[in-house]
Amino acid sequence: WGFDVSAIEKALAHNERQENRVRGASTLSQQTAKNLFLWDGRSWLRKGLEAGLTVGIETVWSKKRILTVYLNIAEFGEGTFGVEAASQRYFHKPASQLTASEAALLAAVLPNPIRFRADAPSGYVRSRQAWILRQMRQLGGEGFMQVNRLK
C-alpha cells in the first residue's frame with residue numbers, strides 16, 4: 001500500500017533514542033503524495049493526509065506512473081523541480097541524453113537536495129552515486145531501461 005512498515009518501525013525507534021537528528025521512512029509513493037498535494041514540514045496532520053493520499057495513489061497508479069510523477073516533481077536543488085530541469089541546470093542537456101553517471105548523481109542527491117548538491121557533490125554523494133551505478137549494472141544497465149521503456 002505504499003508504506004515500508006519495517007523502515008517506519010526503525011525510524012520510530014531511532015527517533016526515540018536520538019534527540020538531534022530525526023530519521024524519516026517515507027517511500028516514493030509517500031513522497032509523491034506529499035510533493036504533489038501537501039506542504040513541507042513535520043506535523044501529524046500532514047502525515048495523516050499523506051497516508052490517505054498514498055493509499056489512493058497506490059490503488060489507482062502503477063509503480064511506473066508513481067515513479068514518473070515523482071521524478072517530474074522532485075526537487076533536485078533550490079528552485080529546481082523535476083529531472084528535466086535538473087538535467088538542464090546541472091548538465092546543460094535534456095534528461096534523455098544523461099549518461100548513467102549523471103543520472104546516478106541526480107538520484108544520489110534526492111534524500112535531501114538542499115543539503116546534498118549535484119553541482120558540488122560531497123564524498124558522501126559520490127559514494128551514493130557509485131552505489132547507484134552498481135545497482136544499475138546489477139539490474140542490467142541501459143539494456144534494462146530499454147526493455148522496460150517498451151512495457
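# Briefing: helices, core and rings

His92 lies in the loop that runs between helix 5 and helix 6. Helices (H or I, at least four residues) and strands (E, at least two) are taken as DSSP runs, numbered from the N terminus. The model is a predicted one, in which local features need pLDDT of at least 70 and side-chain atom pairs count only at pLDDT 80 or more, while totals for chains, interfaces and linings use all residues. Residues are numbered from 1 along each chain as its sequence is written, and side-chain values use heavy atoms, with hydrogens and water left out.

**The chain as a whole**

- The protein chain has eight helices and two strands, and along the sequence they follow the pattern α-α-α-α-β-β-α-α-α-α.
- Of the 151 residues in the protein chain, 29% are buried. Buried stands for under 20% relative accessible area, exposed for over 50%, and partly exposed for values in between, with a 1.4 Å probe and protein chains only.
- Among contacts in the protein chain with a separation of 6 or more, 43% join residues 24 or more positions apart. A contact means heavy atoms within 4.5 Å.

**The nonpolar core**

- The largest nonpolar core has 18 residues, and those that touch the most other members are Phe76, Tyr90, Phe91, Leu106, Val109, Ala118 and Val125. Helix 5 (83–91), helix 6 (100–108) and helix 7 (123–139) are the elements that give two or more residues to this core, and helix 6 provides the largest share, four residues.
- A nonpolar core is defined as a set of buried Ala, Val, Leu, Ile, Met, Phe, Trp, Tyr and Cys residues joined through side-chain atoms within 4.5 Å. In soluble globular proteins, nonpolar side chains tend to be buried together.
- Leaving out residues up to four places away in sequence, Phe76 touches Leu71, Gly82, Val83, Ala86, Tyr90, Leu106, Val109, Leu110 and Pro113.

**Helix 4 and Leu71**

- Leu71 belongs to helix 4 (residues 63–73) and is partly exposed, at a relative accessible area of 29%.
- Beyond its neighbours within four places in sequence, Leu71 is in contact with Phe76, Gly82 and Val83.
- Leu71 and Leu28 are separated by 43 residues in sequence and by 9.7 Å in space, C-alpha to C-alpha.

- Ala86, Ser87, Tyr90 and Phe91 are the buried residues of helix 5. Viewed down the axis of helix 5, they fall within an arc of 100°, so they line one face of the helix. The arc is that of the directions from the helix axis to the C-beta atoms.
- An α-helix has 3.6 residues a turn, so residues three or four places apart point the same way.
- The cover over the buried residues of helix 5 includes strand 1, strand 2 (80–81) and helix 6.
- Just after helix 5, His92 takes a positive phi of about 55°, although His92 is not a glycine. Most residues other than glycine have a negative phi.
- His92 is exposed, with a relative accessible area of 66%.

**Helix 6**

- The buried residues of helix 6 are Glu102, Ala104, Leu105, Leu106 and Ala108. Their cover includes strand 1 (75–77), helix 5 and helix 7.

**Helix 7**

- The 17 residues of helix 7 should span 24 Å at 1.5 Å a residue, which agrees with the 24 Å between its end C-alpha atoms. The expected span is 1.5 Å times one less than the number of residues in a helix.
- Helix 7 buries Val125, Gln129, Ile132 and Leu133. Seen down the axis of helix 7, its buried residues fall within an arc of 105°, so they line one face of the helix.
- The face of helix 7 turned away from its buried side carries the exposed residues Gly123, Arg137 and Gln138.
- Helix 6 is included in what covers the buried residues of helix 7.
- Gly140 follows helix 7 and has a positive phi, near 115°.

**Rings**

- The structure holds one aromatic pair. Phe116 and Tyr124 form this tilted pair, at 5.1 Å centre to centre with 40° between the planes.
- Rings of Phe, Tyr and Trp (its six-membered ring) pair if their centres lie within 6.5 Å; planes under 30 degrees apart count as stacked, over 60 as edge-to-face and the rest as tilted.
- Phe116 is buried, with a relative accessible area of 10%, whereas Tyr124 is partly exposed, with 44%.
- The charged end of Arg65 sits over the ring of Trp61, 5.4 Å from the ring centre. A charge sits over a ring if NZ of Lys or CZ of Arg is within 6 Å of the ring centre and within 35 degrees of the ring normal.
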